[in-house]
Amino acid sequence: MPGMIPFLPLCCFTFLTLVTADTMETTVVIIGGGPAGVKAAQDLNEAGVSFILVEAQNVIGGRVKNTKFADVEIQEGAAWIHGTKTKGTPSVYNPIMDEFNKYNMKGVVTDYGHYRWFDRDGNELDSNLVDTWGERLDEVSEFCETKALQLWDDAEENGITNPEPGMDTSIQACYDEFGYIPAGTSAEEETIAKTWQWIAVDFEKTAAAENLSLMNGYPLNGDYIHEDVFITDQRGYAFFLRQIAESFPANSVKLSQTVTDVTYSNAGVTVNTDGGLEVKAKYGICTLPLGVLQKGNVQFDPPFPSDKQDGIQGMLMGSYEKVLMKFETAAWQDTLSSSWCPASRMGLHQPR
Ligand SMILES: Cc1cc2nc3c(=O)[nH]c(=O)nc-3n(C[C@H](O)[C@H](O)[C@H](O)COP(=O)(O)OP(=O)(O)OC[C@H]3O[C@@H](n4cnc5c(N)ncnc54)[C@H](O)[C@@H]3O)c2cc1C
């Protein structure tokens with residue numbers, strides 16, 4: 001959730017001064033070394049603006065993080081580049097694809113077309129039924145995407161850039177309007193239909209369709225479509241982020257420094273860490289994750305105004321658990337990319 005305090009004009013001059021061993025001065029202090037913090041630092045660096053990036057972990061990357069499992073370097077967090085290109089002509093590459101190509105990274109396109117569905121007892125479900133409901137999911141997705149774009153057109157025609165709740169609707173309401181699961185659908189088919197919906201919506205967004213905004217939820221993959229690339233590069237998905245950070249000036253990245261408090265005014269920003277580091281800057285960029293902001297782990301002085309606090313507390317922080325398993329032998333077909341097990345309780349959403 002990047003936010004800038006206060007506004008950074010492009011005419012900033014460059015200076016970076018070490019005041020004492022534990023106090024540094026710079027133009028912009030960036031809190032967080034995940035993708036948002038690294039991108040902010042990259043842009044400032046290219047514009048010749050000095051900065052200090054302060055990161056709690058001992059490595060750059062944030063939730064893009066790799067570790068060793070079963071002799072393979074695997075992704076603990078982000079693993080896919082979702083959508084390689086934009087729609088339409090000319091089609092523009094996802095900027096992460098540019099980095100992927102630049103560093104000759106390794107990955108495989110995820111083939112969503114090969115799957116098998118099993119019930120909880122291990123019995124395989126009728127693949128024709130599964131395919132039929134997969135096609136119905138495509139239809140409802142297209143319907144909801146068109147509706148979301150129509151709602152945005154209506155909002156823009158009225159000069160509204162931040163729609164009121166009354167203008168929006170939930171993704172579930174859109175599925176219901178389409179009549180995704182008609183009355184009289186058998187229990188078996190209803191389970192398949194709901195599982196498809198869970199895969200397309202809940203799994204992607206980590207929230208239930210009734211709690212998700214249609215206008216902000218569609219299109220599901222944002223502006224980028226075509227293919228999803230699963231990173232297999234043994235240097236890790238975050239490799240390109242670490243390479244970008246390598247190009248930053250000496251002393252501009254401070255790792256293993258957890259920010260504890262931030263004081264800000266029109267005169268500037270002071271950031272303090274648990275490691276005793278103090279960074280004084282003219283401007284600050286905060287890329288702390290929503291969950292960190294919600295927990296109040298970092299004290300802001302003055303506290304954020306009530307509209308920002310309402311925004312922070314009003315959003316849900318999605319929660320993912322990634323389970324990795326090593327099999328003795330490959331119990332699946334060579335072409336299989338996924339298998340799903342429909343259950344009555346499909347995934348848990350963030351408890352509030
Ligand atoms: C399990 C999982 C799977 C995911 N899969 C995908 C995927 O396949 N594809 C995809 O595109 N996205 C995926 N994501 C989402 C993606 O990882 C995030 O959208 C992305 O990392 C957000 O970047 P960010 O810079 O905003 O935040 P973060 O990556 O969270 O970076 C924030 C940084 O702030 C630091 N920080 C926190 N508190 C402090 C503090 N007090 N002081 C200093 N630093 C602090 C953190 O250590 C972190 O480095 C996944 C996320 C998870 C958790």
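**Helix, ligand shell and cores**

Modeller: On the face of α2 that points away from its buried side sit the exposed residues P95, D98, N101 and K102. Please note that the model is predicted.

Colleague: And which residues of helix α2 are buried?

Modeller: I96, M97 and F100 are buried in α2, which spans residues 95-102. Viewed down the axis of α2, the buried residues fall within an arc of 100°, so they line one face of the helix.

Colleague: What do the buried residues of α2 pack against?

Modeller: They pack against β7, β9 (107-109) and β12 (228-231). Just after α2, N104 adopts a positive phi of about 50°.

Colleague: Turning to the ligand, how many residues surround it?

Modeller: The ligand is surrounded by 29 residues, of which G32, G34, G62, R63 and A78 are the closest. The shell comprises 15 nonpolar, eleven polar and three charged residues. Its largest share, three residues, comes from α1.

Colleague: Why does the ligand lie between domain 1 and domain 2?

Modeller: Domain 1 (3-65 + 238-303) and domain 2 (69-110 + 227-235) both contribute residues to the shell around the ligand, so it lies between them.

Colleague: Which members of the largest nonpolar core touch the most others?

Modeller: Of its 41 residues, these are V28, V29, I30, I31, F51, V54 and V271. Domain 1 and domain 2 each supply at least three residues to this core. Another core, of 19 residues, lies apart from it and includes A148, I171, W196 and A209.

How values were computed
Residues are numbered from 1 along each chain as its sequence is written. This is a predicted model: local features need pLDDT of at least 70, side-chain atom pairs count only at pLDDT 80 or more; totals for chains, interfaces and linings use all residues. A nonpolar core is a set of buried Ala, Val, Leu, Ile, Met, Phe, Trp, Tyr and Cys residues joined through C-beta atoms within 7 Å. A residue is buried if 20 or more other C-beta atoms lie within 10 Å of its own, exposed if 12 or fewer, and partly exposed in between; C-beta atoms are placed from the backbone. Domain bounds come from an automatic or database domain assignment. A residue is near a molecule or strand if its C-beta atom, placed from the backbone, lies within 6 Å of it. Helices (H or I, at least four residues) and strands (E, at least two) are DSSP runs, numbered from the N terminus. Ala, Val, Leu, Ile, Met, Phe, Trp, Tyr, Cys and Pro count as nonpolar, Asp, Glu, Lys and Arg as charged, and the others, Gly among them, as polar. The arc is that of the directions from the helix axis to the C-beta atoms. Two residues are in contact if their C-beta atoms, placed from the backbone, lie within 7 Å.
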